[in-house]
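Take a look at the model before reading on.

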Amino acid sequence: MDIPYIVIDQLTPDQQQVWKTYFGDADRPRYIEEGIWRRTQEKATAEQSGWTAADDARRRIIHYRYRYGLVPTTAAPAIGLTDLYLYHSATAPADEIDAHHDALWDSLTTGGWKEAPGGFLWTRRDLKCRITEHDAHPQDAAAGRTLPVGYRSLDVQIASVSYAPPPAVRQLPWNVLSTGIRCKDRPGTPTRVPDLSVLADLLPFQVEIGCGTSVEAGIPPLHRLHEIYRVTDRQGHEPREHRFTLSPTADTLLHEVLTEPEEKTADFVEMFRACFLAEPTPAMWALKELKDAGHLVGPVITNNFDVLAARAGLDECFMRRYDQAVPDVEWVDGAKALLVVGLHADRRKVQARARARGMKVVYLDPEGFWRDGQFMPYPLEGPQDGDLVCRATAAEALPALVNLLRQHAG
């Protein structure tokens, strides 16, 4: 595969300006796309991991980090993937690791990779693949983790040939692993409201947005990444039904990358491409109007990397951070409520901090999605006693709130 790998060819002048303003010269490296999953087989995850006893301790870690940049062409510049880094670590009983090892060798051969002397490094045009096997993983030894007798680990690092991941990048997924599994919130008994008119008595308010607003802009939901990286088995329609992919013998991700890297890379860059091409939605412009009117205060607290809030002229407080377990939130004194839009899993406890400040938490979420013409319920996880929930889309409820507040002001 050739690096740079072209993601969007022949940018228009407007697209070039979007890149310069919101990606290339932004206040944070939006030209970097990064994701980490750590899935462990333990009692607390038994429903999704298949844990039944202490000897079940399989583990799978995925870390990807991609860098994008402008690539000159004969006409207009393109956006290209300029650095690729994918790390995969599997820990399992020795017989499964042996089978995993053999399958990797078969995939490398099928994909036309060339083995360098020593047998640990393989290359294919502008990609390199390093394989390291451990009887006891050094990260486990450093952290004092003990695995069942007979467990082994196999690490695979696939990267563009010119990219050497610095120690901080290599260490990052293990730092995330050390934070433990995310404990799901226990939902309370919130009050259902038909619309957002309650906010008229809770002005000014702050807002936190999740991927619901992105989906309305045509960006795939985050569970699309679970499909691409084979995080779960994707059986069933309800996202919380999906079981972890833990056994290396059932894991197809590396086979897909090694045998058809060009095709799989098209999947890898799908989310970034969709985010760049998306446009701010009516819901985003409604938030901007609420901000301009003084009803919405502070930056948009967001877990999204699509930059749509910024492109609508709103400041962002970005929360999807792997270097901070609990990123700071820019709270505004006097804000009476936090409106949470399309955010299912509050991994950073923003809403809990809002409640601690005495703010009313109001959720805007249809609590479901449409698939193949059928509405699939997807209940919110975090609402507590005293919170309010409006089961509507952002596209419906936010413009309606703008109109209501206009009427009150007029």
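Which residues in helix 1 meet which residues in helix 10? In this predicted model, Q15, V18, W19 and F23 of helix 1 meet F272, F276 and L277 of helix 10. The residues of this contact divide into 6 nonpolar, 1 polar and no charged.

**Geometry of the helix pair**
- Two packed helices are described by the angle between their axes and the distance between the axes.
- The axes of helix 1 and helix 10 come within 11 Å.
- They cross at roughly 105°.
- Angles of 65 to 115 degrees count as roughly perpendicular, and helix 1 and helix 10 are therefore roughly perpendicular to each other.

**The two faces of helix 1**
- Helix 1 spans residues 13–24, and its buried residues are V18, W19 and F23.
- Partners of the buried residues are strand 3 (59–71), strand 4 (78–93), helix 10 (270–277) and helix 12 (308–311).

**Cysteines**
- A disulfide is a covalent bond between the sulfur atoms of two cysteines.
- The count here is 0 disulfides, with a cut-off of 2.5 Å between cysteine sulfur atoms.
- For C211, the closest cysteine sulfur is in C275, 11 Å away, which is too far for a bond.
- C211 is partly exposed, at 25% relative accessibility.
- C129 is buried, with a relative accessible area of 0%.

Note on methods
Residues numbered from 1 in each chain as written. Predicted model: local features only at pLDDT ≥ 70, side-chain atom pairs only at ≥ 80, totals over all residues. Heavy atoms only, no water. Buried < 20%, exposed > 50% of the residue type's maximum accessible area, 1.4 Å probe, protein only. Helix = DSSP H or I, 4+ residues; strand = E, 2+ residues; numbered from the N terminus. Contact = heavy atoms within 4.5 Å. Axes fitted to C-alpha atoms, helices over the stretch in contact; angles between N-to-C directions. Parallel < 35°, antiparallel > 145°, perpendicular 65-115°, else oblique. Nonpolar A, V, L, I, M, F, W, Y, C, P; charged D, E, K, R; others polar.
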